[in-house]
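Walk me through this predicted model. Begin with its rings and charges, then move on to its strands and a helix.

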Amino acid sequence: MNILKRRSWELAEREATPEHVFMNRRQILAGLAGSGVLLGSGLGTRPAYAEEDPSAGLYPVPRNEAYKLDRELTGEEIASKYNNFYEFGSHKQIWPAAQKLAIRPWTVTLDGMIDNPQTIGIDDLLAKMQLEERLYRHRCVEAWSMSVPWSGFPLADLVRLAGPKTGVKYLRFETFHDPSVASGQKQSWYPWPYIEGLTLEEATNELAFIATGVYGKPLPRQFGAPIRLATPWKYGFKSIKSIVKITFTDQRPVSFWEEIQPQEYGFWANVNPKVPHRRWPQSSEALLGTNERRDTLLFNGYAEQVASLYKDMEGEALYM
Ligand SMILES: Nc1nc2c(c(=O)[nH]1)N[C@H]1C(S)=C(S)[C@@H](COP(=O)(O)O)O[C@H]1N2
Ligand SMILES: [Mo]
């Protein structure tokens, strides 16, 4: 098992130039120096970020047993060191660089067509919400998957807090924008900040989840601390990390990847083994951390919960 090497089925989004590689090494070292990870620990051990998080005392939270897995959980160490977070680099080993992200103070702005527009501090938000743990599968469009125990709350609870007005059709999510911290954001050919969107019906489906923790602890930065989305029936790029704003609107948002390549990354992006991506066949997936391959399931195995959202929508490109 060597997840640190790029696998053959995993093509680069952009061909890495030597300069690119060189820059990433420097960024990693800069990230380590600023994070305290190097202090007495070394690269092999787990950094101390979770202990520094002021919300650490809230976890672990009770598990909601309604969400079952058909496979083992992915090991924490493996899932924590194989991440997609382009703000910190277009490769999988962004975890050291991500330690530069300051997660306090952190606010989330709720705005747009709502009764209760507000900017709320993350700890005030956590205090208002009933936290629970859910075991979810996660399926990246690159055809790897993982299974993780998220902690957090249903997105529907946040929608209720916002109080959408009549006419709201979509939620538009936005990630922080700070190129001085996230050096990937200096790459100006990407349309920063990262944007994602859901319909209001999707956002209030029971499966749509806001994760604030994982593996019984606050979210590590590389997972999208302090607050990220988990929509397990959709390809992983929909699960936007490190959210700072949610706008309620009647206009369909154009997401980050859709802006870059609309033929490859659509708005709906529901998992479907029968609809191949231009670069990755979607019929099966590699389980992160093992050599196992599994057949991919329609809606990533969550058809029972979400299929009804898409009935009578044959004209839409629901699966890319
Ligand atoms: N802001 C932001 N969110 C993001 C991404 C990103 O690059 N930036 N990558 C997405 C992709 S492609 C995937 S597969 C998941 C990866 O989540 P993980 O690193 O927690 O496994 O995050 C998604 N959310
Ligand atoms: Mo992904």
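The charged end of Arg 137 lies over the ring of Tyr 302, 4.4 Å from the ring centre. Lys 238 does likewise with Phe 267, its charged end sitting over the ring at 4.5 Å from the centre. A charge counts as over a ring if NZ of Lys or CZ of Arg is within 6 Å of the ring centre and within 35 degrees of the ring normal.

This is a predicted model, in which local features need pLDDT of at least 70, side-chain atom pairs count only at pLDDT 80 or more, and totals for chains, interfaces and linings use all residues. Residues are numbered from 1 along each chain as its sequence is written, chains are lettered from A and ligands numbered from 1 in the order in which they are written, and side-chain values use heavy atoms, with hydrogens and water left out.

Now the aromatic pairs. The whole structure holds 25 of them. Rings of Phe, Tyr and Trp (its six-membered ring) pair if their centres lie within 6.5 Å; planes under 30 degrees apart are stacked, over 60 edge-to-face, and the rest tilted. Phe 85 and Phe 88 have ring centres 5.0 Å apart and planes at 85°, so they meet edge-to-face. Both residues, Phe 85 and Phe 88, are buried. Buried means under 20% relative accessible area, exposed over 50%, and partly exposed in between (1.4 Å probe, protein chains only).

Trp 189 and Tyr 190 are tilted, because their planes stand at 40°, with centres 5.9 Å apart. Trp 189 is exposed at 53% relative accessibility. Tyr 190 is buried at 4%. Both belong to one aromatic cluster, whose members also include Tyr 86, Trp 192 and Phe 237.

Turn to strand S10, residues 243-249. Five of its seven residues are buried. Helices (H or I, at least four residues) and strands (E, at least two) are DSSP runs, numbered from the N terminus. Two strands pair if DSSP finds at least two bridges between them. S10 runs parallel to strand S1 (residues 107-112), joined by four bridges. Here Thr 109 stands opposite Lys 245. Strand S5 (residues 170-175) pairs with S10 in the antiparallel sense, over six bridges. Leu 171 has Phe 248 of S10 as its bridge partner.

Why is H6 largely enclosed by the rest of the structure? Six of its eight residues are buried. Among them are Leu 155, Leu 158 and Leu 161. Just after H6, Gly 163 takes a positive phi of about 70°.
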